Amino acid sequence: MSRARGRGSRATGVLALAERAALVTVLGGTAAGVRNIVRSARWKHQARRGFAAVRADREPGTAYVFLLVPALREQQVIEGTLAHLRKLDYPADRFEILVAVDGKENGERSTAQVVEEYAKRHPDGAPITVVTHTGPEQRRSLQLNAALAHVREQVQERLPGQRILVGVYDADSRPEAPTLAYLDDQLRRRPQASAFQQTVTYLANGEALARSRGLLHANAVYQGAWNHIFEVPRLLACRDRIAAGRSLPFPPYCMGHGEFFDLRTLEAVGGFPRTGPCDGIQIGFALSRAGIAIHPVPFDDACQSPTSHTGLIRQHTFWYSGNLQFFRWYRPSSLAPDTVLPLLTHTALAGRWLCRPAVFALAAAGAHRMAGWRGPVALTGLMYGYYELGAQALRLTSPPATGAATRSPRGLVPLAVAFKSLGAGNAVARMLLRKSTFNKVER
């Protein structure tokens with residue numbers, strides 16, 4: 001009996017220790033997140049205001065820009081994207097749009113046909129070209145590299161000696177109008193800058209999300225707030241460390257859209273990574289390992305967010321499975337010191353996404369152990385306030401349409417965070433069972 005009591009007391013002690021550790025983790029992460037929100041919101045506000053003050057004195061057009069749009073079965077949205085990109089505040093003869101498609105796309109009317117028909121109906125504005133990837137494998141990065149080969153040909157034929165910027169947008173991207181003009185201004189003022197990442201939101205279909213009246217809308221707000229909480233501060237910190245000649249304790253990643261690279265820099269890191277589906281993550285790591293700073297851009301690239309709960313789980317499964325598949329392309333023989341850090345960092349990020357609900361539950365139990373019922377209530381209130389602060393930062397530093405779309409039903413953003421972990425768990429389960437992990441999320 002005494003042995004049983006001893007084992008029980010040890011188990012209780014271990015549980016109490018886990019609860020305290022979880023509580024410290026949640027509180028510490030929240031404090032760091034609040035600091036990050038303030039920093040990113042201040043930077044974004046000042047950068048937007050500063051550019052508005054100088055842009056009237058400068059005519060943009062120093063760099064020539066190629067906008068790459070990888071597309072697979074995007075017939076429903078691609079025309080609106082092309083129309084939007086053509087309206088960016090940049091000389092129409094200084095940028096062009098390359099829609100990168102896969103030659104094996106099935107259907108009576110392919111994305112390539114839709115794009116070509118649109119270009120014929122609307123001949124005015126920035127040129128639009130379809131570039132087709134052909135080959136046995138289907139991967140977004142392969143489509144991007146096919147478009148990159150086309151860029152090289154165009155530069156050699158008619159743009160020798162010019163500064164070339166290569167950007168990537170998704171088929172549902174809606175970047176803010178001053179984006180290219182801002183990048184052009186940055187290249188003038190910071191000639192050494194060669195990689196950029198826009199801030200991102202997922203509220204381009206804000207009206208449809210608002211009609212959902214719940215978790216779907218809150219999820220889209222959280223995804224934009226996360227950009228302020230984590231991604232932008234990380235880019236700023238890494239940019240400053242590289243400028244100071246210091247090593248990076250963690251490598252930042254790119255988002256796969258709203259990203260821009262000097263052509264020479266892109267080719268120096270081997271083009272778009274071919275070793276997995278998450279090319280944005282990998283190219284961010286490749287740039288960081290090469291000591292190249294990724295400069296954040298304070299103008300949003302707004303994308304759509306799912307409008308059904310099934311679609312939302314599928315999207316999170318797709319995102320998380322892309323994260324997991326990142327590791328499939330590495331073997332012990334291929335690991336080197338400069339790849340171990342990205343892998344360890346990414347493992348930590350992926351684990352946090354998956355384990356967040358369990359950690360919060362332990363933290364709530366720890367708060368209850370310390371302060372009774374008031375502890376979990378206070379901790380839950382802290383979480384609500386924390387995510388509302390992130391939404392407020394997004395609201396105040398984005399264009400009016402995005403700001404209006406952030407007014408989701410109050411109190412649901414923390415639930416959206418927990419719901420996101422369902423997609424992560426689903427991705428892990430499907431991969432263990434060797435099932436498809438939804439390599440293409442339908443719109």
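Colleague: How much space lies in the second largest pocket?

Modeller: A quick word on sources: this is a predicted model, where local features need pLDDT of at least 70, side-chain atom pairs count only at pLDDT 80 or more, and totals for chains, interfaces and linings use all residues. Residues are numbered from 1 along each chain as its sequence is written, and side-chain values use heavy atoms, with hydrogens and water left out. On a 1 Å grid over the protein atoms alone, a pocket is an open set of points with protein on both sides within 12 Å along at least five of seven lines, while a cavity is a set where a 1.4 Å probe fits but cannot get out. Points are joined across faces, edges and corners, and the volume is the space filled by probe spheres set on them; for the second largest pocket that comes to about 1100 Å³.

Colleague: Which residues are closest to its centre?

Modeller: Lining residues have an atom within 4 Å of a point. The second largest pocket has 34 of them, and they divide into 22 nonpolar, 7 polar and 5 charged. Here Ala, Val, Leu, Ile, Met, Phe, Trp, Tyr, Cys and Pro count as nonpolar, Asp, Glu, Lys and Arg as charged, and the others, Gly among them, as polar. Closest to the centre are Gly29, Trp226, Arg352, Arg356 and Tyr386.

Colleague: And what is the volume of the largest cavity?

Modeller: Searching the whole structure turns up 1 cavity of 30 Å³ or more. Its lining is Glu231, Arg234, Leu235, Pro252, Tyr253 and Met255, or 4 nonpolar, no polar and 2 charged. The volume is about 30 Å³.

Colleague: Is Asp300 buried or exposed?

Modeller: Asp300 is in strand β8 (residues 295-302); strands (E, at least two residues) and helices (H or I, at least four) are DSSP runs, numbered from the N terminus. The cut-offs are under 20% relative accessible area for buried, over 50% for exposed and partly exposed in between, with a 1.4 Å probe and protein chains only. Asp300 has a relative accessible area of 2%, so it counts as buried.

Colleague: Why does Val101 count as buried?

Modeller: Val101 sits in strand β2 (residues 95-102). Leaving out residues up to four places away in sequence, its contacts (heavy atoms within 4.5 Å) include Ala71, Val130 and Gln143. Val101 counts as buried because its relative accessibility is 3%.

Colleague: What is the phi of Arg73?

Modeller: Arg73 lies in the loop between β1 (64-70) and α2 (78-86), and at 34% relative accessibility Arg73 counts as partly exposed. Although Arg73 is not a glycine, its phi is positive, about 55°.
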